[in-house]
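User: Could you take a close look at one helix in this model for me? I'd like to know how it sits against its surroundings.

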Amino acid sequence: MVDDYYSILNIEDDATQEEVKRAYRKLAKTLHPDLNKDVLGGSAEEFKRVKEAYEVLSNPLKREKYDLELMRAGGISPTVSQSNTGGYRYTGPPIAPQKGSDVKIELSITFSDSFNGMKKGVDISMPIRCDGCDGSGSEHGSPVSQCPTCKGSGALLAPVQTAQGYVNQRVICSTCNGRGILMQKFCVKCSGVGLINGIDNIQISLPAGVEDGAIIKLNGKGGYGLGSGPRGDLMVTVSVDEEANMRRVDNDLYIEESISLPKAVFGGKQRVNTLEGRRTLRIPPKTRSRTEFLIESEGFPDPVTGDHGDLYVVVYLDPPEEISDAARKLLKKLALEIGENLDDLGI
Ligand SMILES: [Zn+2]
Ligand SMILES: [Zn+2]
């Protein structure tokens, strides 16, 4: 038994998306449990059913499948009789051309990719053209004829009444319900909708300097449309992985670099791994921990202008994890030499 979502929402079989929304809002106002705390019992259960009906009917893909189920159960009659279409019978749900759904994904990239930019193919799950019927909705191999009314276009020019009187407008052909074809059997794989949930590999290219949280919109790379409708859009939210010793502040790049005590005292050369390779930094004698060395224009490129921020190498003194006995003795000697009180040290 199929629940009749149309009666639950109190709307006609051919209600528009706007009418579905309106009906749901109206019912939600009277039934929502949070708004009707004093109504005991029935309300919550009824609201659940209304919500379920709305979730199906407001989603074009789910609605097409549901209509078909309902039709099988005898709730909606096929719109075309056998006599006027030369033996072919329309068996699928109506498919008015409709833009595909917008698809949102989050894409994790490395810190280095955000600096250099990235281009790669990403597998994304979304509604795609059904490969069982190439999107026609008709079972593979089953006979199909072009719709005689609209000659295959799925639409007709028909007079529609407006404030200015009757004008010709493109309307969905009612013989084929917008499909352009008449078929005998619908595709089992997609239940005649022409779309299935699948994976599409999309080439995504991100500009050098792309920031964490940036949203990149790729027009026409979202879900496939119903009928001859265009594809939806793809929204990619970029998530940049952290890098242990690096951070970004606006377009400036900060790299933390540990130096040894002797180097801090005597100065010298320090080889630093940057995002563009290795760079040799000259450390002056008597360098204090947390000193910042500025290297101009070697920070992140601005993703729009391409201008680079600056690079700051922040040096800090990093005691070795483990030291040998010999080094320990020498350090003790050094402590004495520079006037440290040995009792104050954790030796
Ligand atoms: Zn199919
Ligand atoms: Zn037609």
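Analyst: Let's start with helix 3, residues 43–57. Its 15 residues should span 21 Å at 1.5 Å a residue, and the end C-alpha atoms are 21 Å apart, which agrees. The expected span here is 1.5 Å times one less than the number of residues, and helices are DSSP runs (H or I, at least four residues) numbered from the N terminus.

A word on ground rules: this is a predicted model, so local features need pLDDT of at least 70 and side-chain atom pairs count only at pLDDT 80 or more, while totals for chains, interfaces and linings use all residues. Residues are numbered from 1 along each chain as its sequence is written, and chains are lettered from A and ligands numbered from 1 in the order in which they are written.

Now the sides of the helix. V50, A53, Y54 and L57 are buried in helix 3, where buried means 20 or more other C-beta atoms within 10 Å of a residue's own, exposed means 12 or fewer, and partly exposed is in between, with C-beta atoms placed from the backbone. Looking down the axis of helix 3, the buried residues fall within an arc of 100°, so they line one face; that arc is taken over the directions from the helix axis to the C-beta atoms. E45, K48 and E55 are exposed, on the face turned away from the buried side.

What about V50 and A28? Their C-alpha atoms are separated by 7.7 Å, though they're 22 residues apart along the chain. A28 belongs to helix 2, residues 17–31. A28 counts as partly exposed because it has 14 C-beta neighbours inside 10 Å.

Methods
Helices (H or I, at least four residues) and strands (E, at least two) are DSSP runs, numbered from the N terminus.
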